[in-house]
Amino acid sequence: MSRERTYQTEAVVLRRRNWGEADRILTLFTPLRGKIRVRAVGVRKPASRKAGHLELFHRATLFLAKGRDFDIITQAETVEAYSPLREDLIGSAAASYAVELLDRLSPEESENAAAYRLLVRTLEQLSAGGDPALALRCYDLKLLEYSGYKPELSLCTVCGGEIRAEDQFFSPARGGAVCPRCADRAEGRFPVTLAALKVLRHIQRSELEEALQLPVGKSTLEELESILQRYIQYLLESPMRSRKFYSEVSRPRGEGGV
Amino acid sequence: MTLPKPVSRLIEQFQRLPGVGPKTASRLVYHLLRVPEEQARNLGEALLDLHAQTRFCSVCFNITDVSTDPCAVCRDDKRDGSLLCVVEAPLDVQAVERAQGFHGRYHVLHGAISPVEGIGPENLKIGELVERVRKGGVQEVILATNPSMEGEATAMYIHRALQGQGVRVTRLARGLPVGGDLEYTDETTLAKALEGRSAM
């Protein structure tokens, strides 16, 4: 870092929490510094010039001044507000999931430009009103990869042998697929269908835009979610908080949905 | 230097308050050491009463006296019971009251939905609101949650939960603040202000 007292960066707002009389501490994700926490002074006052640019999920250009504990936002200008999310309960719940996963997988001050681009493209996708179910699974897989937790899906994580065209197992502790012959030797493993494994491998190999076009049936999507959630929960050592709300609002009315 | 136990204990307690750091806390404590004992005692008693003498109103969940449940607003016959203003926090009730334009009743949610922080509808007084509307007598529910992402999500969620109840559900208008500056207004607010413009 240079020793300049002020700097400029683009950022997406991941989390916010009230601080003092009218301030907020924001958790931001930036392309070059990764996750950072900064202070936005006076943004809870109605006449604040910055408040409208620093909403949750907003992508903004910020000017910051170095502070003692937190850097302080001096100017903010929206790049993209993803406004449709404000009127879409399922979309905003999905976006909450996306920012929570990034927040929990990322250490502070650790550059991850690929993760930043992935977040921006996923927010675009969600705000364009597409079905979040596949978008979130692509996001899961890509983000795991960019954060250093890419699941191994081509080779058995126990014997190293190639994964063949048959139903397999997945072990969160081993970080990938386990072939039926080694299943007994992998703790916490659970079965996965060949169909689900193929989709996971396809998403892993493809560019995001291409992966999003993939036709995936409802039951396979549900299996993908279950596999990835078990893996993510293992890595985070606790469940994703926003998942419960997302599941509740994305279920149709009458099936336990609101 | 080690401080006498009662002094350090109070400093510690003051530091837990929002916006109070170690310096302010010490200053407050040493100030209280100098004031007449009666004044300090009054403060202490007021603090004790705060929890012992208040409760949530069983109808609107605003803060009220233990002896006044339902609260004064819920009891007031002059207020319009068919009009319900839903807010996030008790302080928001004060804010709406100050505006002097509202004569209905309130419902305090005690928070807003924030999936990232793990706050879901079940942690708020939303079930109680739906039940209150279901009992009848309410014609319009005004969703006055904050115009933040969390407030919007809460409003959308309540709107969905109230569907089929035969009540009119409205949302506070969004626009430019008095004394604001067009040049510094964000796109979302400006778009909403244009959408909600009114004839002069």
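## Extent of the interface

In this predicted model, the contact between the two chains involves 34 residues of chain A and 27 residues of chain B. The size of an interface is often given as the accessible area lost when the parts come together. Between chain A and chain B, about 2,700 Å² is buried, and carbon and sulfur atoms give 55% of this area. On the side of chain A, the residues that lose the most area to chain B are Arg86(A), Leu89(A) and Phe245(A), which together account for 24% of what that side buries.

## Polar and charged interactions

Five salt bridges are found across the interface of chain A and chain B. Arg15(A) and Glu117(B) meet through their side chains in a salt bridge, with an N to O distance of 2.5 Å. Polar contact is counted for 11 residue pairs between chain A and chain B, both residues being at pLDDT 80 or more.

Three elements of chain A, namely strand E1 (6-19), helix H1 (89-105) and helix H7 (241-250), each contribute at least two residues to the side that touches chain B. That side of chain A comprises 13 charged, 12 nonpolar and nine polar residues.

## The second largest pocket

The second largest pocket holds about 560 Å³ of space. Its lining consists of 15 residues, and those nearest the centre are Leu10(B), Phe14(B), Leu32(B), Leu43(B) and Leu47(B). Helix H1 (5-15), helix H2 (22-34) and helix H3 (37-52) of chain B are the elements that give two or more residues to this lining.

H1(B) gives the most to the lining of the second largest pocket, with six residues. By class, the lining of this pocket has 12 nonpolar residues, two polar residues and one charged residue.

## The cavity

Rolling a probe the size of a water molecule over the atoms shows where empty space is left. In this model, the count is one cavity of 30 Å³ or more. The largest cavity has a volume of about 80 Å³.

The largest cavity is lined by 13 residues; Leu56(A) and Ser96(A), along with Pro115(B), Met149(B) and Ala153(B), lie nearest its centre. H1 of chain A and helix H7 (149-161) of chain B each supply at least two residues of the lining of this cavity. Nine nonpolar residues, three polar residues and one charged residue make up the lining of the largest cavity.

How values were computed:
Residues numbered from 1 in each chain as written. Chains lettered and ligands numbered in written order. Predicted model: local features only at pLDDT ≥ 70, side-chain atom pairs only at ≥ 80, totals over all residues. Heavy atoms only, no water. Contact = heavy atoms within 4.5 Å. Buried area = accessible area lost by both parts, 1.4 Å probe. Salt bridge = Lys/Arg side-chain N within 4 Å of Asp/Glu carboxyl O. Polar contact = N/O pair within 3.5 Å; in protein donor to acceptor, adjacent residues only side chain to side chain. Helix = DSSP H or I, 4+ residues; strand = E, 2+ residues; numbered from the N terminus. Nonpolar A, V, L, I, M, F, W, Y, C, P; charged D, E, K, R; others polar. 1 Å grid on protein atoms, 1.4 Å probe; cavity = no way out; pocket = protein on both sides within 12 Å on 5 of 7 lines; lining within 4 Å. Points joined across faces, edges and corners; volume = space filled by probe spheres on them.
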